[in-house]
Amino acid sequence: MQTQKEKLFSTQNMVLIAIFTALIVVCSWIRVPVQPVPFTLQTFAVFVTAGLLGSKRGTISVIVYILLGIIGVPVFAGQVKSGPSVIAGPTGGYIVGFIFTAIVTGLIVEKAANKLEGVAKIAVTALAMIVGDVICFAIGTIWFMILMKNGLVATLGLCVFPYIIPDIIKIIVAVIIVDRMKKYVRYFD
Ligand SMILES: O=C(O)CCCC[C@@H]1SC[C@@H]2NC(=O)N[C@@H]21
């Protein structure tokens with residue numbers, strides 16, 4: 001009988017975690033490098049990862065992604081693309097926020113959405129991603145304000161407003177992908 005820990009770190013789960021870490025890396029490279037905050041597909045990747053793998057495995061994928069960046073692999077999207085200085089920089093709050101996005105989105109999907117069917121399941125999956133995104137933006141914005149000594153309104157103009165419509169589109173696409181792909185990943189649960 002496998003313990004919870006052995007199950008979480010089974011070979012299948014390690015492979016899944018590696019695949020989804022790679023997805024986050026690739027989605028970080030797909031970016032429009034505007035300053036100070038680039039447009040990227042990182043949140044999309046975190047939504048899909050947490051939606052398909054759930055809270056624990058999804059969060060581990062995000063943490064592995066961040067650790068890769070911290071040790072120097074160029075996986076971040078900002079001007080400086082790796083190293084601890086990125087976390088300490090203006091977009092570091094979003095990167096830390098991805099961890100909480102994965103925890104919260106994964107938990108809501110596991111505990112609520114996966115127990116539902118049809119439209120209700122899709123609606124709760126979308127809600128899970130919206131809540132996760134709001135948390136990421138909140139941490140990213142507060143981080144940016146403190147670091148850049150900016151006011152709230154100016155920071156919202158730089159860090160939130162331009163990204164709302166793109167992030168809504170990402171959520172719609174992520175919900176469709178999670179809905180269609182869930183049956184393949186459930187095999188490994
Ligand atoms: O430097 C990094 O790697 C982090 C960049 C963070 C970009 C944020 S994530 C939420 C929002 N949506 C985007 O497309 N860009 C910002």
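**Ground rules.** I'm working from a predicted model, where local features need pLDDT of at least 70 and side-chain atom pairs count only at pLDDT 80 or more, while totals for chains, interfaces and linings use all residues. Residues are numbered from 1 along each chain as its sequence is written, and side-chain values use heavy atoms, with hydrogens and water left out.

**Helix H8 against H3.** I started with helix H3 (residues 42–70), whose axis comes within 8 Å of that of H8 and crosses it at roughly 40°. Helices here are DSSP runs (H or I, at least four residues) and strands are E runs of at least two, numbered from the N terminus. Axes are lines fitted to C-alpha atoms, for helices over the stretch in contact, with angles from 0 to 180 degrees between N-to-C directions. I noted Phe 44, Phe 47 and Leu 52 among the H3 residues in the contact, and Ile 171, Ala 174 and Met 181 among those of H8; contact means heavy atoms within 4.5 Å. The tally for H3 with H8 is 12 nonpolar, two polar and four charged.

**Helix H8 against H6.** Next I took helix H6 (residues 118–148) and helix H8 (residues 164–186), with axes that come within 10 Å and cross at roughly 125°. That makes H6 oblique to H8, since angles under 35 degrees count as roughly parallel, over 145 as roughly antiparallel, 65 to 115 as roughly perpendicular and the rest as oblique. On the H6 side I listed Ile 122, Met 129 and Phe 137, among others, and on the H8 side residues including Asp 167, Ile 171 and Val 178.

**Ligand.** Which residues come nearest to the ligand? I got Pro 38, Thr 40, Ala 77, Thr 91 and Lys 170, out of 16 around it, where near means a heavy atom within 4 Å. I then checked polar contacts, which are pairs of N or O atoms within 3.5 Å. A backbone N or O atom of Thr 40 sits 2.9 Å from a ligand oxygen, and a polar side-chain atom of Lys 170 is 2.9 Å from an oxygen atom of the ligand. Asp 167 has a polar side-chain atom 3.2 Å from a ligand nitrogen.

Most residues other than glycine have a negative phi, and most peptide bonds are trans. I flagged the Gln 35 to Pro 36 bond as cis, with omega near 0°; Pro 36 is in the loop between strand S1 (31–32) and strand S2 (39–40). I also flagged Lys 149, with phi near 55°, in the loop between H6 and helix H7 (152–159).

Definitions and conventions: A polar contact is a pair of N or O atoms within 3.5 Å; within protein, one must be able to donate a hydrogen and the other to accept it, and residues adjacent in sequence count only if both atoms are side-chain atoms. Ala, Val, Leu, Ile, Met, Phe, Trp, Tyr, Cys and Pro count as nonpolar, Asp, Glu, Lys and Arg as charged, and the others, Gly among them, as polar.
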